[in-house]
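Here's a quick briefing to read with the structure open beside you. Have a look at the chains first, then work through the points below.

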Amino acid sequence: MRARYAGLVLSSPWTVTFALFWAFPVLYSLAMSFTDYGLLSGASNWIGLPNYQELFADPDFLGALKNTFVFVLGTIPVTTVLALAMALLVNRQFRGRAFFRSAFFLPSITSMVVIALVFTNLLSRGGYIALLAEMAGFSPPEHGFLYSDSTALYAIMAMDVWMSVGYYMLIFLAGLKSIPDELYEAAEIAGAGPVRTFFSVTLPLLRPVALFVIVINSIKSFQVFVEIFVMTKGKFDTSTGVYFIYEQGLTTAFRLGYASAAAYVLFVIIGLFSIPQFLLMRRRSTAW
Amino acid sequence: MVTRGYPVAAMGRYALLVFAAVVMLFPLAWMFRVAFMLPGDSLGLGALAAASWTVQNFRDLFTQAGLGRALFNSVLVGTVVTLGNIAFCFMAAYGLARYRLITHKLLFGAVLIVLMIPAHIVIIPLYLICLKAGIYDSYWALILPWLVNPIGIFLVKQYIDSMPVAMEEAARVDGAGELRIIFGVVMPLCKPALAVLAIQVFFTNWNSFLFPFILTSRESLRTLPVALAMYQGHQAIDWPHLMAGSSVAVLPILIVFLFTQRHIVSGITAGAIKQ
């Protein structure tokens, strides 16, 4: 009996903090999304669905959603394939392996704000990336890649790939390590070349890991915010879902109810996108 | 696995590796280089060799731009949050692992659900809660919500689950009290798991921008990432100073990374792959 109390007492700081700052807010914002809560108007009436109706007629929101999808669908395949390629490249034993692993991984542990600032410089007019593009025969936009509707979002996406690829490389490496050597030996005895071995042994066995990479990367990418805030402030057609929430809820208008509704729409979209993948993953692996 | 000895393939591999390494390291190298340039120096292609080397930018940051304060805030908040996570996640994980709590299943279910819920949902309510609780724009807002995290409880609980109870029973037979057993016997044995947790929490906190940004407005409460983002915001961009500030934000991470690489990697892969 004493032991039971001890357990409760021990877990209470964690439980209370978690409940107050994470579990409760999740429900609170759902309730808020059905109100006209505005910090400036001070009004808070239960209005039901109008926030949601307004959202789907709001061109700013629809644009932000479109950009979010472009971001997710554009970056995920590139990141996944590059991360896997890098993992294969540094999986074998060779001189300098530790250095290359660290070099690839390094960007993903640095601060997003710092990376965004560095790339703002590299992507600006006369910056290195613009100069490289010129040398390769492309003419960059007049004011740099971040000041043009046609390139800003893609430039940020490229940076995102650069930043996150090393992280997913690590996860692929752990997956590669879990493939038993005997399978490779068997493939070699059966006379399979490296390409055949990759497609018949490595890739099928990496499926659960790849799925995991895609799921966590898409959940993260649906919430892209910092790079948008630092690099373009949502201008040049780069506003995304979370940026819209920030703008509606925490800048001039402080429409907290409306912003909460936007948050929930984004949440449902992420759910629709990731729950099937979660279920698939559950069947195939023991992750979590 | 043995690398096969095709020299051409090996050279191709190294060429690829070097190319990739240059692409991955160049932006960071560029940041450090610009940090040492004079504000008037050209950032063009030929500039690298010709430009000056000076530490003036770093000096300016600490004397003028309030970066010293931001650095202090980041260190303070990061340390407190990390210590809090170690204590609270360990205690809760121990409670879950060793006592059959009524709330056990409920708590675990709740943690799992919230783990799957994207963080953007709490931007608005957390802002409002901090405002109403009177902790908006204070160190409390930077610290309290981050004292616990769901991944931490998993990490530590799994570790405790894998430890034999025999040690605790022996201590109990020797007459040690519960507190003594939990904090004097079990906690030191959990050091590897707690180290992984500490590094992960500190890194995340050190780099985090969104919540420190929305939960404070005073300049004196800015953490490094917030200070950097704001510094860029309100003046014509002064790259050497900005890159010097960025270097200050990155350097501690680089140093910790070099010394604790293994823990960082195991922290990341622990969540991803269970053999």
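Let's start with a cysteine: B:Cys130 has a relative accessible area of 0%, so it counts as buried. Bear in mind that this is a predicted model.

**Cysteines**

- The disulfide count over all chains comes to 0.
- B:Cys89 is in no disulfide either, and its nearest cysteine sulfur belongs to B:Cys190, 12 Å away.
- Like the cysteine we started with, B:Cys89 is buried, with 0% relative accessibility.

**Chain B as a whole**

- Of the 275 residues in chain B, 52% are buried.
- Take the contacts in chain B between residues at least 6 apart in sequence: 73% of them join residues at least 24 apart.

**Where chain A meets chain B**

- The contact draws in 93 residues from chain A and 97 residues from chain B.
- Interface size is often quoted as the accessible area that is lost when the parts come together.
- Here, chain A and chain B bury about 8700 Å² between them, and carbon and sulfur atoms account for 79% of it.
- On the side of chain A that touches chain B, helix 1 (residues 2–32) of chain A gives the most, with 22 residues.
- That side of chain A splits into 68 nonpolar, 18 polar and 7 charged residues.
- How many salt bridges cross the interface of chain A and chain B? The rule finds 0.
- Polar contacts do turn up across the interface of chain A and chain B, with 12 residue pairs found (both residues at pLDDT 80 or more).

**Salt bridges**

- Side chains of opposite charge can pair when their charged atoms come close.
- Searching the whole structure gives 6 salt bridges over all chains.
- One of them joins the side chains of A:Arg255 and A:Glu54, at 3.1 Å from N to O.
- A:Arg255 sits in the loop between helix 11 (241–250) and helix 12 (256–284) of chain A, while A:Glu54 is in helix 2 (residues 50–55) of chain A, so this pair ties together parts 201 residues apart in sequence.
- A:Arg255 is partly exposed at 29% relative accessibility, and A:Glu54 is partly exposed at 34%.
- Another salt bridge pairs the side chains of A:Asp237 and A:Lys66, at 3.4 Å from N to O.
- A:Asp237 is in the loop between helix 10 (226–231) and helix 11 of chain A, and A:Lys66 is in helix 3 (residues 59–91) of chain A, which puts the two 171 residues apart.
- A:Asp237 counts as partly exposed at 37% relative accessible area, and A:Lys66 counts as partly exposed at 43%.
- Over in chain B, B:Arg98 and B:Glu168 form a salt bridge, with their closest N and O atoms 2.9 Å apart.
- B:Arg98 lies in helix 4 (residues 67–98) of chain B and B:Glu168 in helix 9 (residues 166–173) of chain B, so the pair links parts 70 residues apart in sequence.
- Are B:Arg98 and B:Glu168 buried or exposed? Both are buried.

Notes:
Residues numbered from 1 in each chain as written. Chains lettered and ligands numbered in written order. Heavy atoms only, no water. Contact = heavy atoms within 4.5 Å. Buried area = accessible area lost by both parts, 1.4 Å probe. Salt bridge = Lys/Arg side-chain N within 4 Å of Asp/Glu carboxyl O. Polar contact = N/O pair within 3.5 Å; in protein donor to acceptor, adjacent residues only side chain to side chain. Helix = DSSP H or I, 4+ residues; strand = E, 2+ residues; numbered from the N terminus. Nonpolar A, V, L, I, M, F, W, Y, C, P; charged D, E, K, R; others polar. Buried < 20%, exposed > 50% of the residue type's maximum accessible area, 1.4 Å probe, protein only. Disulfide = S-S within 2.5 Å.
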